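User: I'd like to learn how to read a fold from its model. Could you take me through it feature by feature?

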Amino acid sequence: MSIFLDAAAGKDTRRAPIWIMRQAGRYLPEYNALKERYGFWEMCRDPEVAAEITMLPLRRFSLDAAILFSDIMTPLADMGVEIEFAPGPVVTRPVRTLADVRRLRVPGPEGTAPFVADAVRAVRERCHVPLIGFAGAPLTLATYLVDAGGAADGHAGFRVWLHAQPEAARLLLDRLTDVTIDYLRTQIAAGVQAVQLFDSWAGSHEPAVYAEFGLPYTRRVLAALDDPAVPRVHFAVGAHHLLGLFADLPAEVVGVDWRTPLSAARRALPGRTLQGNLDPAVLVHRPEALAERARAVLREGLGGPHIFNLGHGIRPDTPVGHVQRLIETVHGFDRHAEADGAGPAGDDGKGVPA
């Protein structure tokens with residue numbers, strides 16, 4: 001078993017495994033070279049290209065897990081949604097009415113982005129660390145569908161729509177839940193060894209609204225993936241006020257963004273593996289402060305199992321050398337010695353046995 005899977009299964013490992021959200025992305029010169037040849041949608045939909053991009057960071061760094069290169073919007077195309085990337089997702093025809101929702105297809109497992117399963121199999125043939133599959137949570141996908149993609153106002157329009165059209169909202173969330181379950185089950189059948197559900201816009205809602213329109217659908221997705229060999233990760237952004245609700249979710253691992261101390265999350269989520277949560281901004285400048293900030297996060301993560309990650313996706317302006325420094329720091333931090341008061345092992349990159 002890998003150190004990542006050990007920690008995800010609840011083992012308090014000697015060092016924290018590390019992977020990075022968006023680790024196969026725009027901060028890598030190899031990725032940018034591929035972008036000159038392929039459009040983003042083309043990269044997602046070509047299994048060989050997606051597999052190659054997934055592997056790029058693993059050739060540079062000693063990461064403890066890979067995450068499949070794709071996008072949370074990927075399964076929506078097979079529902080009949082027209083999506084462009086400029087560079088973020090843009091929905092050509094927003095979903096606003098009950099009739100709009102009823103037009104959306106639920107294509108079933110074999111009709112939901114089958115090329116993603118091919119990419120999973122291609123990665124598994126060449127990958128020496130566990131592969132993480134992922135999807136967007138129903139509430140987050142609905143947010144993009146209704147607001148036509150991004151929104152400068154924190155998707156206030158979607159929050160208004162929830163209250164204005166609750167019947168359409170519930171039907172949309174039901175359909176997105178079914179598609180997301182099919183999509184993740186297909187990834188698992190193809191060989192991913194963990195799955196992460198990105199609840200990216202959960203934090204924009206008050207607890208009562210999230211309890212009605214977010215929690216039940218996210219719970220349904222995670223509960224449908226009840227395979228003890230495939231740990232489930234739930235990650236929400238800006239959602240400190242929802243931690244008590246997240247305790248009700250059937251997920252072995254809970255991701256925490258950079259605004260919430262891991263010690264506070266551990267009190268709210270007893271018995272869970274925590275994932276996170278260095279501020280991605282720390283990686284961009286002042287490398288001399290990077291190791292100090294990373295060790296502060298690692299100390300916050302003591303007291304239970306911890307998977308080190310950023311508190312959100314890595315920024316495109318992150319220097320590659322800073323990523324290497326971060327990985328060396330995490331690998332050199334002896335969690336057991338620190339918990340016993342002996343201090344960290346240093347950041348020389350030699351690592352500590354699991």
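Analyst: Gladly! Helices (H or I, at least four residues) and strands (E, at least two) are DSSP runs numbered from the N terminus. Axes are lines fitted to C-alpha atoms, for helices over the stretch in contact, with angles from 0 to 180 degrees between N-to-C directions; contact means heavy atoms within 4.5 Å. This is a predicted model, in which local features need pLDDT of at least 70, side-chain atom pairs count only at pLDDT 80 or more, and totals for chains, interfaces and linings use all residues. Residues are numbered from 1 along each chain as its sequence is written, and side-chain values use heavy atoms, with hydrogens and water left out.

User: Which strands does strand 4 pair with?

Analyst: Strand 1 (residues 66–67) pairs with strand 4 in the parallel sense over 2 bridges, and Ile67 has Ile132 as its bridge partner in strand 4. Strand 5 (residues 194–199) also runs parallel to strand 4, joined by 5 bridges. Ala135 stands opposite Leu197 of strand 5.

User: Is strand 4 enclosed or open, and how can I tell?

Analyst: Look at burial: buried means under 20% relative accessible area, exposed over 50%, and partly exposed in between (1.4 Å probe, protein chains only). In strand 4 (residues 131–136), 6 of the 6 residues are buried, so the strand is largely enclosed by the rest of the structure. Both of its faces are covered, with Leu131, Gly133 and Ala135 buried on one side and Ile132, Phe134 and Gly136 on the other. Strand 4 in turn is one of the elements covering the buried residues of helix 6; helix 3 (40–45), helix 4 (47–60) and helix 9 are also among them. Those buried residues in helix 6 (residues 114–124) are Phe115, Val116, Ala117, Ala119, Val120, Ala122 and Val123.

User: Which residues have the most contacts inside the largest nonpolar core?

Analyst: A nonpolar core is a set of buried Ala, Val, Leu, Ile, Met, Phe, Trp, Tyr and Cys residues joined through side-chain atoms within 4.5 Å. The largest one has 129 residues, and Ile53, Met73, Leu76, Leu172, Phe246, Phe308 and Leu326 have the most contacts inside it. Helix 9 gives the largest share of this core, 11 residues. Setting aside neighbours within four places in sequence, Phe246 is in contact with Tyr210, His234, Ala236, Ala239, Leu269 and Arg272.

User: And what does Thr177 touch?

Analyst: Thr177 lies in helix 9 (residues 166–190) and is buried, at a relative accessible area of 0%. Not counting residues up to four places away in sequence, Thr177 touches Pro138, Tyr217, Arg220 and Val221.

User: How do I describe two packed helices?

Analyst: Two packed helices are described by the angle between their axes and the distance between the axes. The axes of helix 7 (residues 138–147) and helix 8 (residues 156–164) come within 9 Å and cross at roughly 100°. These two helices are therefore roughly perpendicular to each other; angles under 35 degrees count as roughly parallel, over 145 as roughly antiparallel, 65 to 115 as roughly perpendicular and the rest as oblique. Leu139, Ala142, Thr143, Val146 and Asp147 of helix 7 meet Gly157, Phe158, Trp161 and Leu162 of helix 8. As for helix 7 itself, 10 of its 10 residues are buried, so it is largely enclosed by the rest of the structure.

Terms used. Pairing = 2+ DSSP bridges.
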